[in-house]
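Welcome! Here is a short tour of a structure that may be new to you. Take a look at it first, and then read on.

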Amino acid sequence: MKIAVVLNETAGALHRRSPEKVAAWIRERLEAWDHQVTITTAAGGLLTRAIRQAINGDAEVVAIGGGDGTISAAARQMIGAGKCLGVLPMGTINLFARDLGIPRELDAAISVIARGRSRMIDVGEVNGHIFLNNSVIGLYPSLIRVRERHRQARGLLRWASVVLMALRAVWRARPIPIRLECGQGSQFIMAAALAVANNPAVARRSEARPKRVLDGGRLGVFWAPARARIGLLRLMARLALGCWRLDADIGYQATGAAAVECSSHRRVKVALDGEVFRLTPPLLYKIRPSALKVMAPEGSERVAFRACPE
């Protein structure tokens, strides 16, 4: 099998490692399974170009090493390309990889690509833009901007700056007037944040993080009404960790399609899997069933882990 691997050099898992050594190690592991491998490391605009070239090439599988934003950006380009997406979880949280059942250990994730099976999963879409996990308007996009501004900073200075700017963003947050339509009539809400999730795992409070079904054919619409600012921080932390709850504070509705009208905004900041876009309302959401082919684990077969080089 021909496999093209593209690694995001700025991914968290590569911070303290040599990208060249990691790339050589990944090549060695895949070639041991008799696969033909090409591998590229890049960042920024060069990363986008490398992903596009890999998709346009003759590889049957395009494996992406990075976090949720990098994986989602690749998936947007792969829809309809006839290629299979392989996931190497190298970000900080890796929500999509966890939901797909990809092991956090890099060697085990490589084994999934090398000997796994392919499956079709659903994706979400808003105004023509694809998302794998969720789409959020409100405070969350502002917090993502804070994270990006301090991505290169390290140590205590970075965290102090991030916390300070996050608190400032929360303090300045204002409720958004939203007209929501999702199959059961229209309703008006004043929301601090609204999220549309692709096949969300809706849990009881007693569940830590239930398994998400990636081919259930539904969207979940969550909204947080105007609330105390400390509550907003809690809500955003839950979203970042992928553990929404059906609290009394959070509205929820399952649907196959939804329309969101922000009456006071000509354009609105929308976070799609951790990347911020400016879209023009109404925001038209729909589920695209079985739109993306991905490499998935083969049952619960044990694999031998071997340490990735520093």
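## A stop in a strand

A259 has its place in strand β12, residues 257-262. Strands here are DSSP runs of E with at least two residues, while helices are runs of H or I with at least four, and both are numbered from the N terminus. This is a predicted model, in which local features need pLDDT of at least 70, side-chain atom pairs count only at pLDDT 80 or more, and totals for chains, interfaces and linings use all residues. Residues are numbered from 1 along each chain as its sequence is written, and side-chain values use heavy atoms, leaving out hydrogens and water.

Which residues does A259 touch? Not counting residues up to four places away in sequence, they are R179, L180, E181, L283 and L284, where contact means heavy atoms within 4.5 Å. The C-alpha atoms of A259 and L284 are separated by 4.6 Å, although the two are 25 residues apart along the chain.

## Two nonpolar cores

In soluble globular proteins, nonpolar side chains tend to be buried together. A nonpolar core is a set of buried Ala, Val, Leu, Ile, Met, Phe, Trp, Tyr and Cys residues joined through side-chain atoms within 4.5 Å; buried means under 20% relative accessible area, with a 1.4 Å probe and protein chains only.

The largest core has 53 residues, and V5, L7, I26, L88 and L292 have the most contacts inside it. Helix α5 (residues 106-115) gives this core its largest share, six residues. Another core, of 24 residues, lies apart from it and includes L283.

## The enclosed helix

Helix α5 is largely enclosed by the rest of the structure, because nine of its 10 residues are buried. Those buried residues pack against β1, α1, β3, β4 and β15.

Conventions: Buried < 20%, exposed > 50% of the residue type's maximum accessible area, 1.4 Å probe, protein only.
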